[in-house]
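Q: Can we go through this one together? I'd like to start with the ligand and then look at the aromatic rings.

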Amino acid sequence: MVDLECDWMGLRLRSPLIVGASPLCSTPSAARRFVDAGAGAVVMASLFEEQLIADQVAAHRFFDSYIDTNAEARSFLPETDVFSVASTPTLNLVTTLASELDVPVIASLNGVTPGGWTGYAEQLQEAGAAAIELNLYDIATDLSETGEHIELRQLHVVREVVAATRVPVSVKLSPFYASVPSFVARLAEAGAAGVVMFNRFYQPDVDLETLDIDRHLHRSTSAELPLRLHALAIVHGRTNLSLASSGGVHLGTDAAKAILCGADAVQLVSALLEDGPRQLQRIHSELTEWLDLRGYQNLDEARGATALDNVANPHEFERLNYMHMLQSWHPRKPRTIR
Ligand SMILES: Cc1cc2nc3c(=O)[nH]c(=O)nc-3n(C[C@H](O)[C@H](O)[C@H](O)COP(=O)(O)O)c2cc1C
């Protein structure tokens, strides 16, 4: 039977299937069930820059209000971690999961501006996180901030998080860069160890009855996978960063496609929100069966088999494929109705 063991940023995983950042592993028993079903690692829900800054501000306000008390009285004040309203439960959960699970527990930080909040990477590592996933969820809204400026700001955040911790840092990206490959190369220079492609953008709809914004969070479908496959195939073999897909994996064959295009690891959320650990078990079995049927002994043999790194001129290849697809289009024959 095929061996699913793999490497993710230097961490040995027993399977490439990772429970992606979400509330799915917010209790030790839920996380344990995913691990038993075949997860190679789990990513926790994000701690957001905004929450962490609010914690720090609350702490400063508290101490400022005692600024005039004498030194002895101040020594009785609680330690600053009393104020870690947002981070304390997460730090405690990291410690519990890390001690109870025999797979790596990855903590997630989510933010886009440099600042003191990036220092929480160290606390997460000390709590037991085997790696940090940094989510750069960044929507451009400022007409005067250029793409180059946004990228420099994001790289600054990456460098700060990397500097704050000794564990590997992966960066979860959006697909909207003028050049994903170039940004991936710059992430490597900034010290990242892996890249997760991609974030989903939560596009609100307009409710025409209430004229309000409908913020419903829809689960993905496999239709979102090709965007990831395309990017993986382009980047594979051209970077030393570990590559993970995130988005649109619902079947074992979806996971196989991501690996064939170059993914070291495959993250899942929506599929698991639908049917929990049972779905993970199904995906694990389907992936194993698909690889076995084709005679693969391990994932190294399959990884990148359909990637673009063997193509001499990927840019020209992409243009020609695009042109061919448009020019060879023909309407499907209507089905005969008897
Ligand atoms: C309910 C829910 C909560 C999520 N929470 C986070 C989060 O805290 N941090 C993060 O980086 N991504 C979060 N995500 C995004 C997922 O990690 C993942 O990137 C996205 O759902 C695409 O993968 P999928 O198609 O397998 O769902 C969340 C997604 C869902 C559906």
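**Ligand and ring contacts**

A: In this predicted model, a polar backbone atom of Gly247 is 3.4 Å from an oxygen atom of the ligand.

Q: What about Ser220, how far is its side chain from a ligand oxygen?

A: An N or O atom in the Ser220 side chain is 2.5 Å from an oxygen atom of the ligand. For Ser246, a polar side-chain atom lies 2.8 Å from a ligand oxygen.

Q: How much of the ligand's accessible area does the protein cover?

A: The protein covers 89% of the 610 Å² that the ligand has on its own.

Q: And where does the ligand sit?

A: In the largest pocket. There are 18 residues around the ligand, and Ala21, Ser46, Asn135, Ser220 and Ser270 come nearest.

Q: Which elements supply at least two residues of that shell?

A: β4 (41-48) and α10 (270-293) each do.

Q: Switching to rings. How many aromatic pairs are there?

A: The structure holds 4. One of them is Phe176 with Phe201, a tilted pair at 5.4 Å centre to centre and 35° between the planes.

Q: Where in the chain are those two?

A: Phe176 is in the loop between β7 (169-173) and α7 (180-189), and Phe201 is in the loop between β8 (194-197) and β9 (205-207). They are 25 residues apart.

Q: Is Phe201 buried or exposed?

A: Phe201 counts as buried because its relative accessibility is 18%, under the 20% cut-off. Phe176 is exposed, at 61%.

Q: Which residues do ring pairs link into a cluster?

A: Tyr137, Phe176 and Phe201.

Key. Residues numbered from 1 in each chain as written. Predicted model: local features only at pLDDT ≥ 70, side-chain atom pairs only at ≥ 80, totals over all residues. Heavy atoms only, no water. Phe/Tyr/Trp six-rings, centres within 6.5 Å; stacked < 30°, edge-to-face > 60°. Helix = DSSP H or I, 4+ residues; strand = E, 2+ residues; numbered from the N terminus. Buried < 20%, exposed > 50% of the residue type's maximum accessible area, 1.4 Å probe, protein only. Near = heavy atom within 4 Å. Polar contact = N/O pair within 3.5 Å; in protein donor to acceptor, adjacent residues only side chain to side chain. Areas by Shrake-Rupley, 256 points an atom, 1.4 Å probe, with all protein chains shown as cover. 1 Å grid on protein atoms, 1.4 Å probe; cavity = no way out; pocket = protein on both sides within 12 Å on 5 of 7 lines; lining within 4 Å. Sits in = over half its atoms within 2 Å of the grid points.
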